[in-house]
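Here's a quick briefing to go with the model below. Have a look at it first, then work through the notes.

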Amino acid sequence: MNVLPADPVMADYERTRAVFDWRRERSRLAELPDGGVNMGYECVDRHLREGHGEHVALRCVARDGSVRPVTYARLAQDSSRFAHLLDALGVGPGERVFTLLGRRYELFTTVLGTLRAGRVVCPLFTAFGPEPIALRMELGDATVLVTTRESYERKVAPIRSRLPRLRHVLLLDLDGDPPADTLALPALTASAPKTYDVGPTASADLALLHFTSGTTGTPKGAMHVHEAVLAHRVTAACALDLREGDVFWCTADPGWVTGMSYGVVAPLALGVTTVVDEGDFGPARWYGILSDQHVTVWYTAPTALRMLMRAAPRDGALPTERYDLSSLRFAASVGEPLNPEVVHWGRRALGLPVHDTWWQTETGAIMIANFAADPVRPGSMGRPVPGVEAAVLACGEDGRAAIDEGHVRLLRQPGAQGELALRAGWPSMFRGYLHEPRRYESCFADGWYLTGDLVSRDADGWFWFVGRADDVIKSAGHLIGPFEVESALMEHPAVAEAGVIGRPDPLAGAIVKAFVLLRPDVHAGAELRRELHAFGRRRLGPAVAPREIEFVEDLPHTRSGKVMRRLLRARELGLPEGDVSTLETREPSGTPDTTAKGS
Ligand code: PRX
């Protein structure tokens, strides 16, 4: 197997950073005959070539608890079949294959088949409603969609007419005739050849497209290339402590970047065994999986851990007393702040602390982490991974890094707060926002990538999360763009305007709250509120729809007509209103300008 030598990374952080070299790590990848790198090849073909085909790649745990082991050889065969199907359907290189699938075996064969065939994977979240799905498929030029019959009929069929470029819908289900304009995937792949030769792939060819949300405008399609696999490997080894022989479990949904980078690519690239749980969250189920599957390394989310923490039984028994968690060696989380209480609970309840890691859709891989060899600093995101340089930049009045004639200013004094920036150039750095070059360029200054997160760094170089510089909402680890929610609500005939914020929540971090201004003559009552809730859920899906709706007489605007969410948030929390010099003082006349773009 090809796990990084654990020694230098685990034993001595400073020394590892000093000697680390991306070029040397690059030389560990299997070079294709044309000199390129293919993410799918790294995950599958190389293990067969190196004689590890019979190693178990996946342990798929069905809803009923039955377990199906899948070897790397089998994964190679089934993903080969899918790759051949793309060829047979005439899907061209670089075209986008969208998935609307939960954690299940076919997700892996679709993703790996697509990558090996040099096409681009774009995963969607199954808890999205038709509107976010339509928007992302339109923006992402979807050619192929792989999903289930149920998801198709409920969420895609109603919006199919908006997707003229969608040529093939492939459904996993075997039963019955496929609905009109869809194809049954199993029938098509059954007779396809079981081997596939990965063709020429340049390291910088597009491999993954991940949509993420900004404060304004449409979702952003972050473009990731094949050589990102280099960062997946390195970070999984050094930040998640993954080693040969491990059984890894990443609980993230494959519709988001964590579920793809660490649920699929990283563990397979390192040749370990990955648990794929097809069921839903539940304390008994999750502890059962940790125990029965002998999970050694676990990557999950703070919200899930807080839910486990809350689910403590009345008799006070610890999970370690009820379940055999003795295989578990390392636990880590990502996506939202990990409160120190959870780290302490982990020590007590699981027998080990939870290690916070920080990254983003745009960074493609873990950038900052608490490493296995260091004592965890509860509440800190940790330190940059080897090969990544991070800095705190001085901010201007808008709360973002101040750029003066193209230059930024680094804050070096311990504790100073500013915008987190990363020196551009690590292998999994996004290479663009699809069709939005200017939006991409505006993320960089003076050789730094500006993350949009506010942080401080202590005297020892550990980073501490302060908050986001923008208005996006983190709810249960999912990034939600307020603009997308506001736009959907404003399509309801009763709504004149909406302002959407994240209201702090002890479990989910934040919940989506909408302040709604109704059209004149519309009565604000409980029935309308219920209707708007249902309308939101139908359009946006349960993960994105507002959980709270408050009717208001007026919404605060900037002079350019944009809703001041910052002020809504301050008023909601009873905080000082801060700088209101841009506040519109007159009644807004007409529709506000919601077309502005930005991040
Ligand atoms: O605000 C930070 C928060 O999640 C954002 C990135 O979200 P997304 O692109 O959906 O990727 C999530 C998973 C990689 C960041 O800008 N975030 C991520 N990790 C942490 C965090 N906030 C606090 N602590 C973290 N460890």
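This is a predicted model: local features need pLDDT of at least 70, side-chain atom pairs count only at pLDDT 80 or more; totals for chains, interfaces and linings use all residues.

C250 has Y299, in β12, as its bridge partner. Residues are numbered from 1 along each chain as its sequence is written, and side-chain values use heavy atoms, with hydrogens and water left out.

**The sheet**

- Nine strands make up an open sheet with mixed pairing, in the order β2-β1-β11-β10-β12-β13-β14-β15-β16.
- The edges belong to β2 (67-71) and β16 (383-384), each with a single partner strand, so one side of each has no neighbour in the sheet.
- Strands here are DSSP runs of E with at least two residues, helices are runs of H or I with at least four, and both are numbered from the N terminus; two strands pair if DSSP finds at least two bridges between them.

**The ligand site**

- There are 17 residues around the ligand, and D356, T357, T361, R468 and K474 come nearest (near means a heavy atom within 4 Å).
- For polar contacts (pairs of N or O atoms within 3.5 Å), a polar side-chain atom of D356 sits 2.7 Å from a ligand nitrogen.
- On the oxygen side, a polar side-chain atom of R468 is 2.9 Å from a ligand oxygen, and one of D453 is 3.0 Å from a ligand oxygen.
- The protein covers 97% of the 550 Å² of accessible area that the ligand has on its own (Shrake-Rupley method, 1.4 Å probe).
- β14 gives the largest share of the shell, three residues; α12 (257-269), β14 (354-358) and β21 (463-468) each supply at least two.
- By class, the shell has seven nonpolar, five polar and five charged residues, with Asp, Glu, Lys and Arg counted as charged and Gly as polar.

**The domains**

- The chain splits into domain 1 (13-388 + 426-435), domain 2 (389-425 + 436-469) and domain 3 (478-555), with bounds from an automatic or database assignment.
- Domain 1 and domain 2 each give the ligand shell at least three residues.
- Their centres, taken over C-alpha atoms, are 28 Å apart.
- 36 residues of domain 1 are in contact with 25 of domain 2 (heavy atoms within 4.5 Å).

Terms used
A polar contact is a pair of N or O atoms within 3.5 Å; within protein, one must be able to donate a hydrogen and the other to accept it, and residues adjacent in sequence count only if both atoms are side-chain atoms.
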